Amino acid sequence: MSPTTFLDWPVIRQLRSADKTGRGAAVTSKATRETAPRTFEADSVAQSVCPYCAVGCGQLVYSKDGKVTHVEGNPDSPVSRGRLCPKGAASEQLGNSPLRQTKIKYRAPYATEWTELDHDTAMDMIADRFLEARRKHWEDTDEQGRPLRRTMGIASLGGATLDNEENYLIKKLFTAAGAIQMENQARI
Ligand code: SF4
């Protein structure tokens, strides 16, 4: 890097150049000139919808070599017109954060530590608990003999990262099982 001289001072550059008001090239640093948006490096961009809440802001997801590098608002979205709130603007971390959990964690009753479970074991444990709670709290009729055919022993609280299809299947499954308590974080 060449040493800074007296002539490099912004006010001198301002007086010597055509940028007399000092709002353009005269006051632009070398670092600023060499800075480029992350979107310039991307080799693909996909349209998406922010998963975090029910507003459903449109996103442009930039990636390079198969890895998400940047997420920003989609100006073509009639919902958000290019805007994202801080949470939506940080959704690149959804895939890239080193804190992202990729293993199934289980904390047994009274345990103070989490242990890792394999997928099949976890699925069996969930199914066993689901069926047991349904059986134990099944209500066939009310006190006057009117049909209920429901269970209050299971409930579903979905997260906003669930998409339409997942929510549809969850609703079908829980309704078929007799559950009536179904809610989603995006509606709370
Ligand atoms: S950007 Fe913010 S307001 Fe928009 S959908 Fe995401 S979380 Fe909701």
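**Close-up views of a predicted model**

**View 1. K30 and E34 pair within helix α2.** K30 and E34 are joined by a salt bridge, with 2.7 Å between the closest N and O atoms. A salt bridge here is a side-chain nitrogen of Lys or Arg within 4 Å of a carboxyl oxygen of Asp or Glu. K30 and E34 lie about one helical turn from each other because they are four residues apart in α2 (residues 30-34). Helices (H or I, at least four residues) and strands (E, at least two) are DSSP runs, numbered from the N terminus. K30 counts as partly exposed because its relative accessibility is 42%, whereas E34, at 56%, is exposed. Buried means under 20% relative accessible area, exposed over 50%, and partly exposed in between (1.4 Å probe, protein chains only). This is a predicted model, in which local features need pLDDT of at least 70 and side-chain atom pairs count only at pLDDT 80 or more, while totals for chains, interfaces and linings use all residues. Residues are numbered from 1 along each chain as its sequence is written, and side-chain values use heavy atoms, with hydrogens and water left out.

**View 2. Further salt bridges involve R135 with E132 and D142 with R146.** The structure holds four salt bridges. The side chains of R135 and E132 meet at 2.9 Å, N to O. In helix α5 (residues 119-136) these two are three residues apart, so about one helical turn separates them. R135 is exposed at 56% relative accessibility; E132 is partly exposed at 37%. In the salt bridge of D142 with R146, the closest N and O atoms are 2.8 Å apart. D142 counts as buried, with 15% relative accessibility, while R146 is partly exposed at 45%.

**View 3. Strands β2 and β3 form a hairpin.** β2 (residues 58-64) and β3 (residues 67-73) run antiparallel and are joined by six bridges. Two strands pair if DSSP finds at least two bridges between them. Q59 has G73 in β3 as its bridge partner. Two residues lie between the strands. D65, in the loop between β2 and β3, has a positive phi near 50° and is not a glycine. D65 is exposed, with a relative accessible area of 65%.

**View 4. Y110 has a positive phi.** Phi of Y110 is near 70°. Most residues other than glycine have a negative phi. Y110 sits in the loop between β4 (104-106) and β5 (115-117) and is exposed, its relative accessible area being 85%.

**View 5. Ten residues are named around the ligand: C50, Y52, C53, V55, G56, C57, L84, C85, K87 and G88.** A residue is near a molecule if one of its heavy atoms lies within 4 Å of it. The shell consists of seven nonpolar residues, two polar and one charged. Ala, Val, Leu, Ile, Met, Phe, Trp, Tyr, Cys and Pro count as nonpolar, Asp, Glu, Lys and Arg as charged, and the others, Gly among them, as polar.

**View 6. L162 lies in the loop between β7 (147-158) and α6 (164-176).** L162 counts as partly exposed, because its relative accessibility is 27%. L162 and Q185 are 23 residues apart in sequence, with C-alpha atoms 9.8 Å apart in space.
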